[in-house]
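Trainee: I'd like to learn how to read a few features in a model like this one. Could we go through them one at a time?

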Amino acid sequence: MTTHNHEHDKDKEHSCCSHNGHNNHSSSKPVKGGQYDNVPEGFSGTIYTCPMHPEVREPKPASCPLCGMALEPETISAADEQGPNPELIDFNRRFWIGAILTIPLLILTMSPFVGFPEIREFFGEQTTLWIEFFLGTPVILWSGWPFFVRGFQSFRTMNLNMFSLISIGTGAAYIFSVVAVIAPDIFPEGFKDKQGNVGVYFEAGAVIVTLVLLGQIMELRARERTGSAIKSLLDMAAKTARIIRDDGTEEEIPLEEVQVGDKLRVRPGDKVPVDAVVLEGHSSIDESMISGEPVPVEKVKGDIVTGATINGTGSLIIKATRVGSDTMLSQIVEMVANAQRSRAPIQKYADMVAGYFVPVVIIVAIISFISWAIWGPSPALSYGLVSAVAVLIIACPCALGLATPMSIMTATGRGAQAGVLIKDAEALERFEKVDTLIVDKTGTLTEGKPKLVAVIPEDGHNEAEVLRLAASLERGSEHPLAEAIVNGAKNRDVDMVDAADFEAVTGKGVKGIVDGHHVALGNAKLISDMGLDSGKLVEAANKRRDEGETVMFVVLDNKIAGMVSVADPVKETTPDALKELHKLGFRIIMATGDNERTAKAVAERLGIDEIRADVLPEDKARIIKELQEQGSKVAMAGDGVNDAPALAQADVGIAMGTGADVAIESAGFTLVKGNLDGIVRARRLVRATMRNIRQNLFFALIYNAAGVPVAAGILFPFFNILINPMFAAFAMSASSISVVMNALRLRRVQIKK
């Protein structure tokens with residue numbers, strides 16, 4: 001009895017058979033229409049797609065015709081019950097039953113090889129073969145049935161994949177073994193050993209099936225976790241909305257029933273139900289889940305509010321402008337879902353290699369069998385079968401499937417420890433090639449919390465009076481500059497009063513009445529609009545701007561009473577981080593909405609290569625596009641929703657600041673502390689990861705490249721060496737173990753100084 005193939009198939013270890021992992025992220029949108037899109041026109045239910053092949057779309061759960069992977073929902077709705085994945089439950093059951101039957105089967109078949117022949121002798125050879133048959137059959141045919149279905153499908157569509165090899169290898173071993181047990185006499189002498197026994201391979205098939213199932217379970221669990229991340233985003237949304245009917249009555253309704261144009265009330269502390277415009281009321285909204293900015297944003301009539309943000313102490317009446325899948329939160333969820341279905345380009349290369357590899361392996365296995373049958377020693381046909389099955393098993397490029405996802409998974413964990421959250425595998429690969437980094441000034445280079453640094457009164461006024469006017473007027477505003485002035489007044493023990501008729505002049509400043517006097521506070525544009533001449537103050541203001549300060553004029557009864565100057569301190573970590581970024585090969589460009597004088601002052605002080613001042617959010621995206629057209633690979637670091645167009649345009653988007661889950665889930669990288677040294681750590685981690693992936697691909701391919709010809713018997717004529725399926729399985733396992741161990745080295749990679 002030659003029992004070969006004891007599948008240490010450990011390797012199937014996973015993800016194996018799907019040749020790739022799924023963390024990923026870039027944004028391969030589902031491809032609608034086409035050869036693999038079977039969703040009927042007007043279908044409104046859940047659509048299932050392949051994480052690796054978005055062009056595959058089905059109206060019900062199924063397997064991917066291209067790679068055999070289980071399809072998953074294209075979108076996840078908040079209403080979906082996040083129950084256990086039925087396929088995961090099924091595979092768990094198949095795995096445990098398979099494992100329970102495979103263990104005694106292994107003991108029975110391997111005992112003579114480890115010095116315990118008594119076990120087989122106790123039952124007798126013929127009885128032992130029947131026991132093997134009864135133990136192995138349910139494992140291979142029932143536990144492994146999904147793999148045979150996928151293998152058959154891969155041959156039917158001629159999209160050969162891992163399941164093609166697994167189904168042929170285990171199927172051939174099983175059918176041969178069954179015939180050997182039931183009708184051993186029909187075999188020619190070429191299949192029999194010196195004792196006249198025909199070798200069976202039940203345990204090889206059983207171990208392969210059990211280990212592949214283990215790999216599929218690990219993969220399904222990982223994919224379930226990505227689904228729960230999207231679910232947590234959806235949980236941010238309000239569940240209900242308070243609608244105001246035409247007759248003035250109010251009613252709580254489910255969020256899904258809100259229509260565009262509906263009037264809704266948002267009470268203090270409530271979540272804003274949908275994207276809308278403010279009709280009445282005054283409040284401040286915590287938009288940190290969108291912008292990452294902790295300071296609440298003041299909202300008055302005409303302002304836009306975003307669904308899932310949290311209202312402060314005021315009451316608002318809003319008109320719904322975007323509902324359902326059109327809201328910003330839903331769009332972010334869709335972006336995250338698409339991202340998780342994407343792959344790093346190097347991973348797609350591994351898939352391509354596997355696509356060519358599988359048919360070549362099958363051809364080699366056939367040639368090997370024929371060659372042994374014709375020219376091999378006795379029992380020639382048995383040697384031929386052993387050789388063919390060994391080729392199929394050792395060639396199964398499970399390690400190729402593990403190479404990229406294992407490194408990315410490990411790098412993701414290592415990055416999280418260092419405050420670098422990686423959510424996009426393609427971004428990770430792209431970041432290695434980035435040569436230009438665009439940074440915003442406020443909140444990225446600087447603290448993002450301005451402080452009052454100077455009060456400069458005009459003749460006839462004093463500092464306390466000018467600061468009192470400015471602070472009293474700004475006390476009703478929640479703008480960061482206003483907060484700096486108010487805090488400055490408190491620190492200097494300046495008394496403030498309430499301002500009346502407060503009015504914000506967008507992009508210019510504020511106006512109001514303080515102690516019965518008309519007071520205004522704003523920039524040079526506001527002064528110009530009011531027809532005032534800033535006179536000799538211009539020179540003082542310019543000097544302040546040259547130091548990187550923001551200067552605002554204080555106007556009392558239509559005359560300039562003085563200036564207040566506010567500065568946003570540079571973060572302590574910024575100067576050293578910029579030096580390191582230069583060493584790592586970045587050209588650094590600062591793009592800011594500040595005026596050129598202020599921007600230039602900051603840039604010169606910090607050694608920044610270039611500046612782009614007075615830019616709007618859409619300008620940042622245009623600048624990035626221009627740089628890309630010149631051949632640059634651009635990363636953009638931003639800290640708010642206003643940077644979204646630029647982050648999308650950049651080769652790699654980096655979200656700065658703690659942000660909320662939405663920001664974290666939607667960015668290629670998120671730096672938890674929001675400091676530039678996080679980009680330094682990210683760059684070092686990316687370089688180490690890409691190096692690790694390339695090493696893994698080498699380990700994965702070298703075993704296959706060396707193992708296939710040896711399994712086919714190329715060394716037999718020279719050294720009398722032939723790998724039997726058991727050792728082929730071990731070699732395949734060694735390949736995967738090498739990949740896993742190498743990837744785990746990333747946990748200790750040094751990315752901080």
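Trainee: What covers the buried residues of α18?
Mentor: Buried here means under 20% relative accessible area, with exposed over 50% and partly exposed in between (1.4 Å probe, protein chains only). Helices (H or I, at least four residues) and strands (E, at least two) are DSSP runs, numbered from the N terminus. For α18, the cover includes β14 (436-439), α13, β21, α19 and α23 (677-712). Contact, by the way, means heavy atoms within 4.5 Å.

Mentor: Some ground rules before we go on: this is a predicted model, where local features need pLDDT of at least 70 and side-chain atom pairs count only at pLDDT 80 or more, while totals for chains, interfaces and linings use all residues. Residues are numbered from 1 along each chain as its sequence is written, and side-chain values use heavy atoms, with hydrogens and water left out.

Trainee: Which residues of α18 are buried?
Mentor: They are T574, A577, L578, E580 and L581. Looking down the axis of α18, these buried residues fall within an arc of 165 degrees, so they line one face of the helix. The arc is that of the directions from the helix axis to the C-beta atoms. On the face turned away from the buried side, α18 carries the exposed residues D576, K579 and K583.

Trainee: And what covers the buried residues of α19?
Mentor: The buried residues in α19 (residues 596-606) are T598, A599, A601, V602, A603 and L606. Their cover includes α13 (441-445), α17 (537-546), α18 (574-583), β21 (587-591) and β22 (610-612).

Trainee: How should I read a positive phi?
Mentor: Most residues other than glycine have a negative phi. D501 is not a glycine, yet its phi is positive, about 50 degrees. D501 lies in strand β16 (residues 500-505) and counts as exposed at 59% relative accessibility. D557 is not a glycine either, and has a positive phi of about 50 degrees. D557 sits in the loop between β19 (550-556) and β20 (559-567), and at 36% relative accessibility it counts as partly exposed.

Trainee: How do I describe two packed helices?
Mentor: Use the angle between their axes and the distance between the axes. Axes are lines fitted to C-alpha atoms, for helices over the stretch in contact, and angles run from 0 to 180 degrees between N-to-C directions. Take α3 (residues 125-143) and α4 (residues 145-157): their axes come within 5 Å and cross at roughly 50 degrees. That makes α3 oblique to α4; under 35 degrees counts as roughly parallel, over 145 as roughly antiparallel, 65 to 115 as roughly perpendicular and the rest as oblique. I140, L141, W142 and S143 of α3 make the contact with W145, P146 and F148 of α4.

Trainee: Is S368 buried or exposed?
Mentor: S368 is buried, with a relative accessible area of 3%. S368 is found in helix α9 (residues 345-375). Leaving aside neighbours within four places in sequence, S368 is in contact with S387, A388 and A712. S368 and A712 are 344 residues apart in sequence, but 5.3 Å apart in space, C-alpha to C-alpha.
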